[in-house]
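Welcome, and please open the model in your viewer.

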Amino acid sequence: MRAIENDRKMKIRLKKRGKSEINCTNRFEVEEDMFCNQCQEALNVKGCTRNGVCGKKGEVADLQDRLLYVLKSISFYNLKAREYGLNEEATDRFVLDSFFATLTNTNFDKQAIESYIRRGFEIRDTIKAKLPEGALPARGTLPAVATVTPENINEMDVAIHSTQDEDVRSLRELLTYGMKGLAAYAHHAYILGYKDKAIFEFIEKGLVSTTDDSIGVEALIGLVLECGQKGVSVLALLDKANTETYGSPEPTAVNIGVRNNPGILISGHDLCDLEQLLEQTRGTGIDVYTHGEMLPANSYPAFKRYDNFAGNYGNAWWKQNEEFEKFNGPILMTTNCIIPPKESYRNRIYTTGVVGFEGLTHIYEKEDGTKDFTPLIEQAKTSKPPEQLESGTIVGGFAHEAALSVADRIVDAVKTGKISRFMVMAGCDGRHKERAYYTEFARALPKDSVILTAGCAKYRYNKLDLGDIGGIPRVIDAGQCNDSYSLVVIAQKLAEAFGLEDINDLPVSYNIAWYEQKAVLVLLALLSLGVKNITLGPTLPAFISPNVLKVLVENFNIRPNTTVEEDMKILLG
Ligand code: SF4
Ligand code: SF3
């Protein structure tokens with residue numbers, strides 16, 4: 001780690017000198033340098049130092065670091081603006097969207113990030129100009145984050161990784177990545193008209209705190225835990241937004257085969273985009289299929305009424321290269337995870353919202369907040385139907401309402417010994433081979449245990465046919481990672497039913513798989529609820545320092561996963 005940091009610092013120094021001294025070729029080489037460690041696939045469990053494993057270019061990683069710093073500057077002034085009742089809703093939306101754009105596999109487009117930076121400075125300056133005299137400290141005493149400008153930002157070492165103290169750096173990163181998840185979920189709720197000022201304020205406070213050297217380890221731990229509490233609030237808010245807008249998901253057998261019409265494939269997490277796409281394709285002879293994290297949308301009553309909503313195509317995000325190629329029709333990426341597209345389908349993949357990739361067509365939101373998907377519909381009309389990948393159905397739709405409607409049966413099954421344990425296997429999937437562990441683990445679970453899941457982690461075992469226990473499926477799928485709140489409600493209701501004060505006394509174990517920053521937030525949310533003994537994998541985050549890990553182990557008994565046999569012994573303990 002230290003070696004990477006030293007190397008990086010040397011290159012930053014070079015880059016600064018490069019502004020005036022080195023020629024274009026050298027400068028290009030230096031600009032390829034980067035450091036990013038925010039996801040589980042960080043190179044060698046340390047960090048990506050040239051192009052990211054995800055395909056993010058060094059230049060884009062650098063721009064994302066700068067964008068984050070601009071967001072910190074906005075936050076510095078906007079916290080003041082809030083004190084004077086001068087906050088504008090447009091600022092909240094901008095912070096959520098642009099912060100979300102820096103999440104793994106979301107926006108790879110250099111121009112889009114540059115445009116966020118430009119707009120960010122404009123917003124910051126507008127807020128600044130509105131503040132009354134005396135609202136800010138005297139000019140010469142302003143912190144660096146308040147004085148950044150489009151002209152001096154390239155000279156400043158703005159990256160969080162430049163923090164010297166290893167533990168402060170680790171906590172700043174943990175807080176920042178947790179807040180990326182917070183911003184992403186708040187963005188989803190916002191789009192449906194559900195907002196929580198306390199979350200916006202917390203994000204601003206958290207962002208500024210990562211620039212303040214007087215905020216030490218203890219205070220940062222407090223902020224990290226507060227981030228988890230805000231995570232519970234945001235997930236509850238998003239659950240309300242989704243279910244009040246589209247109804248409560250119902251247990252549904254989702255078709256995983258194909259029909260003989262041309263189709264449009266929609267991926268990501270944005271239900272509002274799906275609604276508009278279904279509305280615009282109704283009666284056109286074009287079918288709509290979900291991919292990846294959009295699978296749970298098949299269980300919402302509001303979407304099930306569309307005849308052209310045909311089911312789910314394919315698997316988790318990392319298989320898109322292979323599966324998009326075979327889909328034959330246009331593909332819409334509404335949020336993460338997009339990966340660099342192959343030439344074979346590049347002309348039929350579209351981005352929208354916070355997603356971006358250079359050279360792809362982006363569908364912008366119109367002034368009235370709607371989107372026009374005509375380009376995809378026109379292209380679909382001339383496309384061949386999708387090539388069949390598999391056939392049959394998979395069952396989903398066990399968000400809290402559906403799960404609780406069978407709560408009596410579940411409680412009874414536990415009391416009579418038919419169900420011995422629930423295994424929460426929520427989180428993310430990823431491309432690394434070691435994730436086969438999760439398939440093996442699901443297979444090896446005793447037949448009287450039930451998996452509770454949410455997020456794209458489910459694709460490692462949701463087609464295994466693990467059967468049911470007296471009609472209760474052995475994989476209870478609560479939905480997207482966005483629906484993780486359902487798992488919390490289910491656990492809390494079970495504790496109530498068994499008269500338990502402590503959620504940790506339930507016959508529930510946690511074997512969580514993480515990949516990106518929404519999963520970091522879900523983990524912090526679980527910790528804030530007092531959940532202990534979580535097994536985390538397939539590797540621990542690269543940004544956790546040994547001392548921060550010690551704190552997590554001492555307080556929450558978090559442990560890394562090992563082998564199926566070893567973990568099974570511990571988790572069934
Ligand atoms: Fe590497 Fe993950 Fe960062 Fe991509 S998001 S550059 S894979 S650490
Ligand atoms: Fe998946 Fe990207 Fe984490 Fe929403 S879509 S869970 S990885």
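How many salt bridges does the rule find across the interface of domain 2 and domain 3? The rule finds 0 there, a salt bridge being a side-chain nitrogen of Lys or Arg within 4 Å of a carboxyl oxygen of Asp or Glu.

Before we go on, a word on conventions. This is a predicted model, in which local features need pLDDT of at least 70 and side-chain atom pairs count only at pLDDT 80 or more, while totals for chains, interfaces and linings use all residues. Residues are numbered from 1 along each chain as its sequence is written, chains are lettered from A and ligands numbered from 1 in the order in which they are written, and side-chain values use heavy atoms, with hydrogens and water left out.

**Stop 1: the domains**

Colour domain 1 (1-162), domain 2 (252-381) and domain 3 (398-571) separately; these bounds come from an automatic or database domain assignment. The contact between domain 2 and domain 3 takes 19 residues from domain 2 and 18 residues from domain 3, where contact means heavy atoms within 4.5 Å. The C-alpha centres of these two domains are 29 Å apart.

About 1500 Å² is buried between domain 2 and domain 3, and carbon and sulfur atoms give 55% of it. Buried area is the accessible area (1.4 Å probe) that two parts lose on being put together, summed over both. Now select Glu 293, Trp 317 and Trp 318: in domain 2 they lose the most area to domain 3, together 39% of what that side buries.

**Stop 2: ligand 2**

Show ligand 2 with its surroundings: His 269, Glu 293, Trp 317, Asn 336, Cys 337, Cys 428, Cys 456, Cys 481, Tyr 515 and Glu 516. A residue is counted here if one of its heavy atoms lies within 4 Å. Why does ligand 2 lie between domain 2 and domain 3? Both domains give residues to its shell, so it lies between them.

Zoom in on Asn 336 and Cys 337, which are joined by a cis peptide bond with omega about 10°. Cys 337 sits in the loop between β5 (331-333) and α13 (343-346); helices (H or I, at least four residues) and strands (E, at least two) are DSSP runs, numbered from the N terminus.

**Stop 3: another cis bond and a positive phi**

Move to Gly 537 and Pro 538, where a cis peptide bond has omega of about 0°. Pro 538 belongs to the loop between β15 (534-537) and α20 (546-556). Then select Asn 533, in the loop between α19 (517-528) and β15. Its phi is near 65°, a positive value in a residue other than glycine. Most residues other than glycine have a negative phi, and most peptide bonds are trans.

**Stop 4**

Finish with Glu 88 and Lys 130, a salt bridge whose closest N and O atoms are 2.9 Å apart. Glu 88 is in the loop between α3 (58-83) and α4 (89-101), and Lys 130 is in helix α5 (residues 110-130), 42 residues apart.
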